[in-house]
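I set out to look up backbone geometry and charged side-chain pairs in one structure.

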Amino acid sequence: MQKRFAQFILSAFLLASAQLAISQHHGLGRPVAIDKLPSGSLYVLDAQGEVHAVDFPGGQPVVTGSFHFNKEWASADIVSAQLNGQNVLFLAANYGQTGEISLYSVTGQLLKPSWTLPGGVSSLAYDAAHSILYAASGRTPEIMRIDVNGNTGPELLARTPGSQRLGPILFDAKHNALLAEDLVLGAIYKVDLSQRKATFLCGGLRSASAMRFSADGSLLFVSDDVSEDVLTFSMAQPKSAPRIFAKLPQFSSPSGLAWAGDRLVVSDDSARKLFFLSRSGSLVDTLPK
């Protein structure tokens with residue numbers, strides 16, 4: 001989560017220095033978050049503030065480039081999107097108790113001044129239809145709202161009742177809602193975006209790190225970096241006990257989830273790898289090998 005660019009010279013320096021370079025190695029550092037454009041690359045954010053592009057020539061995952069956005073801040077989350085016809089990346093990082101969200105091109109160009117969150121930021125979610133970015137505070141039970149095109153915010157959207165510290169959030173376009181997980185309680189809340197009200201949805205987690213829906217929206221996939229597995233919840237019966245989708249001996253600290261075609265990609269910051277899983281949860285590939 002990045003420090004506010006209070007001075008123009010600092011912004012200019014970052015703009016000039018964050019240029020995409022073809023990767024000379026196959027390492028991903030410690031991948032803390034991942035996201036994939038619907039028709040493009042998979043983007044990996046590592047703990048040192050480096051973004052890696054992963055493409056699939058011949059169907060095999062390959063690191064094709066990388067850029068730094070800020071080494072001084074602790075990386076938190078990455079969301080890829082298409083904004084005004086351009087592929088972009090929202091990058092979140094923290095320094096102390098302060099969080100910052102920056103908007104970059106996929107080639108590493110800073111596109112606009114950053115948004116600062118005094119309470120930190122743990123996770124991002126994006127409503128592409130309305131160009132609205134949501135951010136969960138890293139230190140309070142608050143979810144913030146940013147109108148990207150209107151350049152307004154962050155403004156308070158909602159607080160999750162009884163929550164202590166929020167982790168991953170996920171936008172649910174079908175129900176115009178957000179899902180937000182509490183890292184302390186192991187509970188997932190549903191936030192109605194029209195009413196700006198949060199209600200308890202389900203529990204049974206230890207410490208979720210990422211959430212993704214299945215293609216048809218019937219299942220919620222959740223990675224847990226404490227139990228070291230990936231679980232699924234039925235959205236028709238969310239309060240039913242979750243099922244284990246994948247628990248690999250190679251898992252150490254699952255940190256992010258993304259779909260790449262019909263494969264579920266799991267980043268693991270301690271294992272320093274991406275794991276590619278089949279629809280049945282079996283391991284089909286890794287990066288690095």
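The entries that follow cover the basis of the model, the backbone and the salt bridges.

**Basis.** I worked from a predicted model, in which local features need pLDDT of at least 70, side-chain atom pairs count only at pLDDT 80 or more, and totals for chains, interfaces and linings use all residues. Residues are numbered from 1 along each chain as its sequence is written, and side-chain values use heavy atoms, with hydrogens and water left out.

**Terms.** I took helices (H or I, at least four residues) and strands (E, at least two) as DSSP runs, numbered from the N terminus. I called a residue buried under 20% relative accessible area, exposed over 50%, and partly exposed in between (1.4 Å probe, protein chains only). I counted a salt bridge where a side-chain nitrogen of Lys or Arg is within 4 Å of a carboxyl oxygen of Asp or Glu.

**Entry 1, peptide bond.** I looked up the bond from Leu287 to Pro288 and found it cis, with omega near -5°. Pro288 falls in the segment after strand S24 (283-287).

Ser131 sits in the loop between strand S9 (123-127) and strand S10 (132-136), and it counts as buried because its relative accessibility is 11%. I also noted Asn176, another residue other than glycine, with a positive phi near 50°. Asn176 is placed in the loop between strand S13 (166-172) and strand S14 (177-182); its relative accessibility is 29%, so it counts as partly exposed.

Side chains of opposite charge can pair when their charged atoms come close. My count by the rule above is six salt bridges.

I looked up Asp35 and Arg212, whose side chains form a salt bridge at 2.8 Å, N to O. This pair links distant parts of the chain, 177 residues apart, with Asp35 in strand S1 (residues 31-36) and Arg212 in strand S17 (residues 208-213). Asp35 is buried at 11%, and Arg212 is buried at 19%.

I next took Glu142 and Arg159, which form a salt bridge with their closest N and O atoms 3.1 Å apart. Glu142 lies in strand S11 (residues 142-147) and Arg159 in strand S12 (residues 152-159), so this pair ties together parts 17 residues apart in sequence.

Arg145 and Glu155 also form a salt bridge, with their closest N and O atoms 3.0 Å apart. Arg145 is in strand S11 and Glu155 in strand S12, so the pair joins parts 10 residues apart in sequence. Arg145 is partly exposed at 21%, as is Glu155 at 33%. I recorded that Arg145, Glu155 and Arg196 are linked in a network of salt bridges.
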